[in-house]
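Q: I'd like to learn how to read the packing in a model like this one. Can we go through it feature by feature?

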Amino acid sequence: MSAEAFTAKDAEYFPQGLRITSLQIINDEFAAVWQPGEGTQWVHWGMSDDDFAAHDRTYFDKELRINLLTTDGGRLAGVWRPGEGTQWCSWRRGVADFMSEDRAYFAQGLRIRSFHIDDDYTDHREMPPDCIGESDRPDPDSMPPREPAGFRRADSLYPIAEVANVTEASRFESPDGDEIFALPRYALQRDSVGLVSEPRIGVVDRGGTPTLSITLVRTPGPAAADAEVSELPHGVIITLEVHVPDVSGAVMVKPLSLSVSAQDDSDALVTGELPLAEGLLELLLWSFGTPEAGTTISVQRRISVAVPTGRRFSDGTAAYVKNDLSLPWIVPPTPLLLSADQRRRMGGGGLVQPLRREHIGFGDRTHVYWQDPLEPESFYFVPDAFLLARLPNAPRSPMMRVVVTAGEGPDKLFTMEFTAKPVTDQDRLTAALPTLVAAAKSRGSTNPIRLNPFRDAQPVLRLALPRAGAPTPELTVRKGTDIDLELGLFHAETFTEDDFREVFAALNGSSITLLRGNITIGADGPEPEDIPLELRLDRPVGDVLLFEPGPVTQPITEARLTNVIESPVIIHGVRIFATGSTTRVPLAVSDLPADGRLAPGASADVRLTFPSLVTDPDLICVLDQSKVVVEPNRSAIWNLVFDRLTEARLKQNVQVRAHPAMFRDDTRPDDEVLEFIVAIEKGDTVVLTPTKLDVTAKVTMPIVPFLTTELLPPPRYRTQTTWKSGIGVSDWTVAEFGIITPVRTPPNTATPLA
């Protein structure tokens, strides 16, 4: 329906107690759903970024929150309804930044309320309202051109964004194109205190008022890979967020805004301060030592940039509009935890008791459990290992990406990005319970044992990286990696050409492990603890089987297992349980393939047998895939993880050379060659003339033969011979001896090379 019809419908339904619960706009045509609701409702559409942000600020102060968000051709639409508490709204985000923001907000207890993807950003020309019938529509070509809103690049007062979807990974240019900008990130500034490194967080005196002081340091963002990139001008808002229980026991987020003094652009440090009202210091000391407080520091980087609208002025130049954005960044680590000694100094000297350690063996390893001295029944544990993760949805490929970072010149670079997730054997936690019960009882507690994941103030990643093209056992610290002991880690490692060949050989050879290392917790303390990290292809974290159980019947239930990844899997180790409100029993699995192997896409119908009658009415069948083994199809995995778009960066030089005699033909005495245009497949197009006989061109190299040092295939090329009398175009030719020689062709009817 039209905008007028939508407005009329909403005016009709609102007095009936109906509110908008779904809204979609495509080419100014509206579709909406109204359902019973109450309270205030405001709806706006066709908004620019600035209009939308202004409306949201107004409504936020009136205790209204965004209930629906959608777009139409790059313009925003929203519905505001009564709400309270924290709200973050973000738009024009790429996949990577959206996922990064969601992980950060998820950790703060925030969930997505409204989500919309608009990949149809086109200029829909509006027609006059009286154009009803198709035959009555005027010819668009006869309509006078309408100049779009905005300004030309040359008139911009702001840095220029390449695309409207601005993220922290975006690069920006000055209007004249002479300077490139990138947005920085922020990290905690750290100082050496004795033998340890501490974040620069303390309590200072400001005119008799105790004041929390936090110092951050600017660090390069993902777009600042080159030294010639300047820092994008921006403002900073620093917020400290703490999860605290209220009087009812519910957990609420307490945001604390820190004031930021004006900073010199040449100063890399930024300090935020917060006057400490009565009781606030005690709250912060508790939060800095308690993982459950989930203390985080967020930095909002406020920028003003010019973004393209997707429209052009009548002279063909692109139109831009000013966009004021606030891009969030969660300062690692999350949660923020401080050592007992630092908290004691901040609090004026009160004693903070350290966690006690219990060492308990399981299998061939000894695991540490940390006991809370104030609540002896509370223990903390760390994962058994960090392993390479797989995507949770199709194609469920390894969460790894290989890109060519720098492919020209002698110093070629390759980057491997990966996500590793923690794994914990629940059987070892169960086996530890008797020892933990005894430890709690010895310290006066008979309460049920509580096992919680351990949170470290700053876990450290160490990797065994190849050096000079050879594997090394030494572990190298990789600073700046954001690690969460519950959610996992993301890391990008850049390799030289020779070092990456070692990784590529592991991926495509007989090894099942690409990289090894460890995660060290308590790295600055007297007793650091290491968690193994392995990027294994055979035992990833994530589902590789689709489990489809039938209705639960006893004593036998039927189910289907389907391999949904690119590689075969061995399912002998599969475990299936019947779980209910009071029950968890293992089921015997029969009718598996004789060799236990499932090819990609193959299924197995299995029978699940109960050991005895179970009376729990809420039974469901649950699959445990942790013991399933992958037989990696290495070529298929490589095709999934290698970013083919970056292969074009891998270049080699090739000489294109002509001889003076080639510009004359004795059989054509009245004609001569003016130039040769040589078009190289997956490479440059160059021009040779009688005065320019030798040119160096670049051609893309296929990555696999390059990494395996195989003989690279010779480049293919075509030649356009431009005569005084016409043009001749040759067929495709393969270069010989590494040199491309133009193929002279008489004038013909072939299509000229573009």
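A: Helices (H or I, at least four residues) and strands (E, at least two) are DSSP runs, numbered from the N terminus. The model is predicted: local features need pLDDT of at least 70, side-chain atom pairs count only at pLDDT 80 or more, and totals for chains, interfaces and linings use all residues. Residues are numbered from 1 along each chain as its sequence is written, and side-chain values use heavy atoms, with hydrogens and water left out.

Q: How many helices and strands does the protein have?
A: There are 9 helices and 49 strands. The C-alpha atoms fill a box of roughly 110 × 65 × 65 Å, taken along the principal axes.

Q: How do I read a pair of packed helices?
A: Two packed helices are described by the angle between their axes and the distance between the axes. Axes are lines fitted to C-alpha atoms, for helices over the stretch in contact, and angles run from 0 to 180 degrees between N-to-C directions. Here, α7 (residues 497-508) and α8 (residues 634-641) pack at about 130 degrees, with axes 9 Å apart. That makes α7 oblique to α8 (under 35 degrees is roughly parallel, over 145 roughly antiparallel, 65 to 115 roughly perpendicular, the rest oblique).

Q: Which residues of α7 and α8 meet?
A: From α7 come Phe 500, Phe 504, Ala 506, Leu 507 and Asn 508, and they meet Arg 634, Ile 637 and Trp 638 of α8.

Q: And what about nonpolar cores?
A: In soluble globular proteins, nonpolar side chains tend to be buried together. A nonpolar core is a set of buried Ala, Val, Leu, Ile, Met, Phe, Trp, Tyr and Cys residues joined through side-chain atoms within 4.5 Å. Buried means under 20% relative accessible area, exposed over 50%, partly exposed in between (1.4 Å probe, protein chains only). In this protein the largest core has 43 residues, and Phe 500 and Trp 638 are among those with the most contacts inside it. Its largest share, 5 residues, comes from α7. Apart from that core lies another, of 27 residues, including Leu 258 and Val 331.

Q: What does Trp 638 touch, not counting residues up to four places away in sequence?
A: Its partners include Val 402, Phe 500, Arg 644 and Leu 707.

Q: What share of the 754 residues is buried?
A: Buried residues make up 43%.

Terms used:
Contact means heavy atoms within 4.5 Å.
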